[in-house]
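Me: I would like to go through the terms used for this structure and see what each one rests on. Please set every value against its definition.

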Amino acid sequence: MAHLAATGADTLAARRSRARDRVDALSPREREVLAFLGSGLSNGQIARRLNVVEGTVKAHVSSILARLGVDNRAAAAVAAHEAGIALPPPAQQ
């Protein structure tokens, strides 16, 4: 993330704009799942927070990856951060 932020303000602004456009194409629930994914939560943790089964979260994550055109959770998390929707990391207990 630091490398991405350090590549220049214009480039960063353009990446953020593109990320927002891609994220805006997601459903409200997919954006919610992506925000949790961006904070580093596992599928099980996301499922508990949303009161759904883990399989539902897996389906949302698969859809998110396809709709964002990324190959993995890490790339989706970067998109969440660039779009400004990632939630703060959960507090350590």
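This is a predicted model: local features need pLDDT of at least 70, side-chain atom pairs count only at pLDDT 80 or more; totals for chains, interfaces and linings use all residues.

Me: Why are α4 and α5 called roughly perpendicular?

Reply: Helices are DSSP runs of H or I with at least four residues, numbered from the N terminus. Axes are lines fitted to C-alpha atoms over the stretch in contact, and angles run from 0 to 180 degrees between N-to-C directions. The axes of α4 (residues 43-50) and α5 (residues 54-68) cross at roughly 110 degrees and come within 8 Å. Angles under 35 degrees count as roughly parallel, over 145 as roughly antiparallel, 65 to 115 as roughly perpendicular and the rest as oblique. α4 and α5 are therefore roughly perpendicular.

Me: What makes α3 oblique to α4?

Reply: α3 and α4 pack at about 130 degrees, with axes 10 Å apart. That makes α3 oblique to α4. On the α3 side the contact (heavy atoms within 4.5 Å) is made by R29, E32, V33, F36 and L37, and on the α4 side by I46, R49 and L50.

Me: What makes a set of residues a nonpolar core, and which members of the largest one touch the most others?

Reply: The members are buried Ala, Val, Leu, Ile, Met, Phe, Trp, Tyr and Cys residues joined through side-chain atoms within 4.5 Å. The largest core has 22 residues, and V33, L34, L37, I46, L68 and A76 touch the most other members. α2 (9-24), α3, α4, α5 and α6 each supply at least two residues of this core. Leaving aside neighbours within four places in sequence, L68 is in contact with R22, V23, L26, L34, A76 and A79.

Me: How do you know whether N51 is buried or exposed?

Reply: Buried means under 20% relative accessible area, exposed over 50%, and partly exposed in between (1.4 Å probe, protein chains only). N51 has 70%, so N51 is exposed. N51 lies in the loop between α4 and α5, and has a positive phi of about 55 degrees although N51 is not a glycine.

Notes. Residues are numbered from 1 along each chain as its sequence is written. Side-chain values use heavy atoms; hydrogens and water are left out.
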